[in-house]
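Hi,

Here is the structure you wanted to look at, with the sequence alongside.

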Amino acid sequence: MGELDQTFIQELEHRPKPAVIEAQGIPQIDLSAFVTSSPANPNAPEIRDLVDQIRDASRDWGFFQVINHGVPIKSRERVFSASKRFFDQSVEEKRKVKRDEANPLGYYCHTPKIHPRSATAWRRD
């Protein structure tokens with residue numbers, strides 16, 4: 001086995017510190033109140049509570065899990081399948097639908113130019 005190129009070895013002060021991190025308590029937002037509520041009353045107490053939960057989870061965690069949203073499993077499976085097919089394509093294929101002024105919802109990938117001998121050159125676009 002050959003020698004490891006020194007550009008792939010980080011200095012000790014830049015290496016991550018080993019730690020065990022568990023994500024306990026990820027917020028679950030139950031949308032059943034929204035699904036069953038009348039759209040004519042957005043100020044209903046259950047809707048106001050739902051808005052507060054979403055705000056708090058977004059502020060404190062940055063994300064949350066949504067339950068009882070009413071989206072059928074078949075629809076979710078089709079979305080996941082289509083997403084996988086898209087992201088499994090080459091970068092060249094994905095860039096055919098790139099984001100620009102005419103297509104603000106297109107594909108966006110910002111990958112800075114990386115020196116080929118850099119320790120971070122392993123990252124795939």
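Arginine 59 and aspartate 56 sit 3 residues apart in helix H2, so about one helical turn separates them. Helices here are DSSP runs of H or I with at least four residues, strands are E runs of at least two, and both are numbered from the N terminus. Before the rest, a caveat: this is a predicted model, in which local features need pLDDT of at least 70 and side-chain atom pairs count only at pLDDT 80 or more, while totals for chains, interfaces and linings use all residues. Residues are numbered from 1 along each chain as its sequence is written, and side-chain values use heavy atoms, with hydrogens and water left out.

Back to that pair. Arginine 59 forms a salt bridge with aspartate 56, and their closest N and O atoms are 3.4 Å apart. By salt bridge I mean a side-chain nitrogen of Lys or Arg within 4 Å of a carboxyl oxygen of Asp or Glu. Aspartate 56 also meets arginine 55 in a salt bridge, at 2.9 Å from N to O. Arginine 55 in turn has a salt bridge to aspartate 52, this one at 3.1 Å. Those two are 3 residues apart in H2, so they too are separated by about one helical turn.

Put together, Asp52, Arg55, Asp56, Arg59 and Asp60 are linked in a network of salt bridges. The whole structure has 6 salt bridges. As a reminder, side chains of opposite charge can pair when their charged atoms come close.

How open are these residues? I call a residue buried under 20% relative accessible area, exposed over 50% and partly exposed in between, using a 1.4 Å probe and protein chains only. Arginine 59 has 56%, so it counts as exposed. Arginine 55 is partly exposed because its value is 44%, and aspartate 52 is partly exposed because its value is 33%. Aspartate 56, at 25%, is partly exposed as well.

**The chain overall**

There are 4 helices and 2 strands, and along the sequence they run β-α-α-β-α-α. Of the 125 residues, 10% are buried. The chain exposes about 11000 Å², with carbon and sulfur atoms supplying 57% of that; the areas come from the Shrake-Rupley method with a 1.4 Å probe, and for residues only the protein chains shown count as cover. Taking contacts (heavy atoms within 4.5 Å) with a separation of 6 or more, 48% are between residues 24 or more positions apart.

**Lysine 94 and its surroundings**

Lysine 94 belongs to helix H4, residues 91-94. Its relative accessibility is 5%, so lysine 94 counts as buried. Its side chain reaches the backbone oxygen of phenylalanine 87 at 3.4 Å. Apart from neighbours within four places in sequence, lysine 94 is in contact with Phe86, Phe87, Gln89 and Tyr107.

In the loop between H3 and H4 you will find aspartate 88, which counts as exposed because its relative accessibility is 51%. A polar contact of 2.7 Å joins the side chains of aspartate 88 and lysine 84. Polar contact here means a pair of N or O atoms within 3.5 Å; within protein, one must be able to donate a hydrogen and the other to accept it, and residues adjacent in sequence count only if both atoms are side-chain atoms.

**Around S2**

Phenylalanine 63 is in the loop between helix H2 (45-60) and strand S2 (65-67), and it counts as partly exposed because its relative accessibility is 44%. With Ile26 and Trp61, Phe63 forms a nonpolar surface patch of about 270 Å² accessible area together. Patches take residues with over 30% relative accessible area and no salt bridge, joining like charges within 9 Å and nonpolar side chains (Val, Leu, Ile, Met, Phe, Trp, Tyr) within 5 Å.

Happy to go through any of it with you.

Cheers
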